Amino acid sequence: MVNMIENVKQEIREVVEKALVRASGAGEIPPVQIQEVEVEIPREKDHGDFSTNVAMQVTKLVRKPPRQTAEIIIKNLSLENTYIERVECAGPGFINFHLNNNWLFDTLKAIQAEGENYGRISMGEGKKVMVEFVSANPTGPLHMGNARGGALGDCIASVLEAAGFDVTREFYINDAGNQIEKFGISLEARYIQLLKGEDAVPFPEDGYHGEDIVEHMRNFIAQNGDRLLNLQPLERRRELVKYALEKNLEKMKNDLESYGITYDVWFSEQSLYDSGELQETLDYLQDKGYTFEKDGALWFKASQFGAEKDEVIIRNNGIPTYFASDIAYHRNKFIKRGFDRVIDLLGADHHGHVARMKGAVAALGIDADKLDIVIFQLVRLYRNGEIARMSKRTGKAISLADLLEEVGRDAARFIFNTKASGSHLDFDLDLAVQQSNDNPVFYVQYAHARICSLLRLLEEDGIQVPEASGADLTLLQKKEEIELLKKLAELPEEIRIAAQTLEPSRLTRYVQDVASLFHSFYNACRVKGEEEGLMKARLVLVDATRTVIRNVLGLIKISAPERM
RNA sequence: GUGCCUGUAGCUCAGCUGGAUAGAGCAACGGACUUCUAAUCCGUUGGCCGGGGGUUCGAAUCCCUUCAGGCACGCCA
């Protein structure tokens, strides 16, 4: 659980805080109370390894020019037993810290010691978090929106795990309500049509017209014949829905599995009806006076809780809306199951749900900040430079299964995580399968394979990766070695920020940077055949790079091939 | 009409809880393999950060306004 960047920042914070106290004690500046000294890594290498803007922040309190304050702070710094080698005042009043490289060598030792756990942090303190994602309507196949939401949600979950949260991945099955009703009517119509001819019964206008419905009924009849014809429609539909839903769920489970996603819980919406939780929730809201009746329907006063308008929760036909069961569902998540935090992923077309859902959570007496709703923008597919809507093979809308078949799991997961969730994403199908340097997936995997190849070759000569403590790491001096090392040191910090912002796309960028710096190193420095001390030090570095690449790829569940 | 998201290099995007000279990849151009994988590397070119106001020591970043694109505004989910 080492986060060397955080350690060094903390060291600098402490040293600066002490200097402030000392300076005010000596009467050089008035006493200043500062919440936390901000320490950052400057963009420009000339500006040191770390810097702080504290002198500028206190400029009003101190009533001196920032540069002068900075000089006073610097004068009072006590740098014994720190990584800090040199300090200077620069620009409008920044204090820049130049470190000796020992912190990087310590990082290397930490990477070797922690191995596959390097990067993990304890930020989450074991708190229970649920990530609910995809939760696609089980009436049809998974589409591109589900594909992005799936990659995103699964990686958010992984990032939170790495950050020390106790994560549950959950899929909410919409197996109740209106669309299931429609599903049943559609299945039934096809069932009768298949048995008694197209004209026997009209197909409902607003039904599901997809070929998959017909397909289900064909299979059902092959297995079960026409025995449902004599049943009451309600009974008949129930059987057909049960059959088709099971098939659809199985297909979804399989598709998601081959996409690398395994859920801890598949949660049924219907179960909220059956357990009485839905009714309990509605009673609660009514008791609290958070509802009112209008036009024969029951409404939730969402506008009292920050939403734009009120929402119907029980229709005038007595049937609860989707929103009603979603409120009960969130009550279940927080209260029945005690999650400290819940994260829902929704496509941009559902963003209208955010304010009212948060409002509902607040109405339940739960801190609405415990619910994060991540909205991701929708996907546009490109092929041959043009927007691709249809699958080449099936001629229908491209499904997750089609995508996996065409570009594979690694490329799909990686590319869906290259952009921030709020950004629109253009997915270039041609690029995703290209085995070239244009393709970021291969670029990173190639770096890993290259490292493995190098280690393999040395091993054939009887040379192993040495213990970091037994190698003279100070021999690592070249620019390419140091740059790579610094990047490796950033992994825990990257995970911290990715967990905080719920943006796994940081990690795909990060691992590309690692790969890039490794390739630069590889071209500038030899390992095999070098003088033994240097070779050993570089071996430790190369092995640590492999660990970092593998850990990140493992986190986003992308393969790290040893040969390419 | 109202709300949300987006607008940064030719293209795809970072940077957005304010910091120093706005970054990366691709594309374009010029280089590097007798030596560990050239699926690689090195260098060069490329920017009124959509426009206009404001806040401040300082704005791509915060506020207002305006333009453009996407999405949503249902007793659908």
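**Figure 1. Overview of chain A.** Among contacts in chain A between residues at least 6 apart in sequence, 72% join residues at least 24 apart; contact means heavy atoms within 4.5 Å. This is a predicted model, in which local features need pLDDT of at least 70 and side-chain atom pairs count only at pLDDT 80 or more, while totals for chains, interfaces and linings use all residues. Residues are numbered from 1 along each chain as its sequence is written, chains are lettered from A and ligands numbered from 1 in the order in which they are written, and side-chain values use heavy atoms, with hydrogens and water left out. Chain A holds 21 helices and 15 strands; helices (H or I, at least four residues) and strands (E, at least two) are DSSP runs, numbered from the N terminus. The C-alpha trace spans about 90 × 65 × 40 Å along its principal axes. Of the 564 residues in chain A, 52% are buried, where buried means under 20% relative accessible area, exposed over 50%, and partly exposed in between (1.4 Å probe, protein chains only).

Figure 2. D154 counts as buried because its relative accessibility is 0%. Leaving aside neighbours within four places in sequence, D154 is in contact with F133, R169, G260, I261, R413 and K557.

Figure 3. Not counting residues up to four places away in sequence, A471 touches P466, K536, A537 and V540. A471 and L534 are 63 residues apart in sequence, and their C-alpha atoms are 8.5 Å apart in space.

**Figure 4. Close-up of a negative surface patch.** The patch is formed by E14, E17, E36, E38 and E40. Patches are made of residues with over 30% relative accessible area and no salt bridge, with like charges joined within 9 Å and nonpolar side chains (Val, Leu, Ile, Met, Phe, Trp, Tyr) within 5 Å. A salt bridge is a side-chain nitrogen of Lys or Arg within 4 Å of a carboxyl oxygen of Asp or Glu. Asp and Glu count as negative and Lys and Arg as positive; His and the chain ends are not counted. E38 lies in the loop between helix 1 (4–25) and strand 1 (39–40). E38 counts as partly exposed because its relative accessibility is 42%.

Conventions. Areas by Shrake-Rupley, 256 points an atom, 1.4 Å probe, with all protein chains shown as cover. Charge placed at Lys NZ, Arg CZ, Asp CG, Glu CD.
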